[in-house]
Structures are given as structure tokens and as C-alpha cells.
Amino acid sequence: VDASVVGVESLTTGFRVALDSGLSVSARRLLVATGLRDELPEIPGLQERWARDVLHCPYCHGFEVRDQALGVLGWAPGAAGFAQIVRQWSEDVVFLASDGTLPEEEREGLAARSIAVVDGAVERVLARDDRLLGVQLKDGRTVEFDALFVPPRFVPNDALLVELGCDLDDNGWAVIDSNGRTSVAGVWVAGNVANARAQVITAAGEGSAAAIALNADLVADDVARALAAPEPAS
């Protein structure tokens with residue numbers, strides 16, 4: 001169905017899903033696989049280079065930029081550890097401690113592996129002739145490199161789960177069991193909407209596990225309905 005979901009309603013028999021086409025779809029069970037979105041820092045020029053030479057994952061893109069001059073934007077918690085992973089791909093790595101709050105222990109760890117640390121807020125991403133040059137800091141300094149790694153903040157596309165009243169954990173992610181079942185009866189999830197670390201193969205596996213559990217739940221419901229049905233008249 002070529003349409004987007006704009007709302008969902010719980011019914012005694014299941015769910016009614018409203019589409020932006022004006023139509024609706026009814027179902028006894030619901031599997032939500034709406035993924036997540038990358039939240040990026042508001043730095044001029046960054047969005048334009050995203051997924052080109054401004055990259056998000058050293059496992060996905062590290063090989064492509066191996067042995068080049070690499071930068072890591074330290075704007076999110078855990079960014080120093082992220083830089084240590086990037087370091088596996090190049091001996092020329094610079095960490096941009098843009099928030100000025102890099103703990104001394106992490107600073108020492110970066111220095112131990114020859115990762116340069118530049119303190120100062122990033123003002124803009126620099127590019128010329130459709131190629132990344134580096135960044136300009138707010139104090140006027142420039143830092144040059146060939147590619148910039150920016151660990152994004154992952155934000156689940158969970159509006160439907162919130163609308164249904166599914167429980168969320170302290171970090172704002174849906175609470176699920178090992179098969180993707182949420183706290184709301186009849187609702188399952190799979191993939192990045194509940195698991196920020198799920199790559200495609202992981203998400204597909206979660207979809208399979210959820211489908212098997214969902215189908216078993218439907219069969220159990222069929223059995224219960226059959227047992228509750230009145231005996232046919234003789």
C-alpha cells in the first residue's frame with residue numbers, strides 16, 4: 001500500500017490504522033517497524049556533506065576512508081570512544097572537543113593512541129569543489145581533514161507507539177520482550193524503532209522473530225475463539 005500511516009486506534013477486535021490517503025486498514029495485530037532518525041548538530045555545511053564525506057559509522061564507512069586524515073566531532077556522549085574506533089582506520093585522526101567538557105581520562109586515552117585533540121566550538125563545515133576541506137572553529141582557526149565522523153543521536157520514530165500507550169524506558173525507547181512484544185497487547189516492534197544498534201540483518205532477524213511470535217499469538221486467539229463459540233444446533 002503506497003501510503004503513510006497518520007494515526008492508529010485500538011479497537012476491541014484489534015486496531016484501525018489511518019492512512020494519509022484517507023483510507024484505513026484494520027488488523028487484529030500490529031507490527032511497528034518505523035525505524036529511527038539521525039539527529040545532527042546544527043552546524044552550517046554539515047547536512048550538505050552528510051553521507052558523502054561527513055560520515056556516521058566507522059564500521060560502515062571506515063574502509064572507504066582508510067589511511068586518510070580523519071576528524072571526529074565530539075558533540076555527543078561517548079564520542080571519545082567513537083574516535084578510538086575510527087583510529088583503527090588511520091594514524092591521522094583529530095578529535096574536535098567542541099563542548100569543552102572532555103574528561104581528563106578520555107583525553108589521556110586519546111593521547112595514548114596519538115589522536116590529536118582540538119578544543120573549541122565548531123562554527124561551520126568547510127568544502128570546496130564538492131569536497132570536504134575540514135571545519136572552521138568559532139575562534140577563527142581551521143582544522144583540515146579528508147572525512148569527518150559525526151556520531152549522531154538516534155531518535156526513534158515512535159509516534160505510533162506513544163499514541164498506543166506503549167511503555168518506554170528511561171532513555172525513551174520502547175520496552176519489549178525478546179520477541180519484540182510491547183506492553184500493549186497485540187503490538188510488536190522490530191528494528192531500529194526499538195533497537196538503535198540493529199543493522200539491516202539484525203532488524204530482519206527481529207522481524208522474523210516478531211512474526212513467528214505474532215502468528216503464534218493469533219493461533220492461540222483462534223483456539224480461544226473456537227472454544228468460546230456456541231455449539232451448533234443439532
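Contact here means heavy atoms within 4.5 Å. The views show a predicted model, in which local features need pLDDT of at least 70 and side-chain atom pairs count only at pLDDT 80 or more, while totals for chains, interfaces and linings use all residues. Residues are numbered from 1 along each chain as its sequence is written, and side-chain values use heavy atoms, with hydrogens and water left out.

View 1. With a relative accessible area of 7%, Arg49 is buried (buried is under 20% relative accessible area, exposed over 50%, and partly exposed in between, with a 1.4 Å probe and protein chains only). Not counting residues up to four places away in sequence, Arg49 touches Val54, Val125, Ala127, Asp130, Arg131 and Leu132.

**View 2. The aromatic pair of Phe63 and Trp89.** Rings of Phe, Tyr and Trp (its six-membered ring) pair if their centres lie within 6.5 Å, and planes under 30 degrees apart count as stacked, over 60 as edge-to-face and the rest as tilted. By this rule there are 2 aromatic pairs; one of them, Phe63 with Trp89, is edge-to-face, at 6.1 Å centre to centre and 85° between the planes. Phe63 lies in the loop between helix H2 (58-61) and strand E7 (70-73), and Trp89 in the loop between helix H3 (79-86) and strand E8 (93-97), so the pair ties together parts that are 26 residues apart in sequence. Trp89 is partly exposed, at 28% relative accessible area. The charged end of Arg66 sits over the ring of Phe63, 3.8 Å from its centre (the criterion being NZ of Lys or CZ of Arg within 6 Å of the ring centre and within 35 degrees of the ring normal).

**View 3. Packing of helix H3.** Of the 8 residues of H3, 6 are buried, so this helix is largely enclosed by the rest of the structure. The buried residues are Ala79, Ala80, Phe82, Ala83, Gln84 and Val86, and they pack against H2, E7, E8, helix H4 (104-112) and E13.

**View 4. Phe145 between strands E12 and E13.** Phe145 is found in the loop between strand E12 (142-144) and strand E13 (147-149), and at 2% relative accessibility it counts as buried. Leaving aside neighbours within four places in sequence, Phe145 is in contact with residues including Ala69, Leu70, Val94, Leu96, Leu132 and Val135. Phe145 and Val200 are 55 residues apart in sequence and 30 Å apart in space, C-alpha to C-alpha.

Conventions: Helix = DSSP H or I, 4+ residues; strand = E, 2+ residues; numbered from the N terminus.
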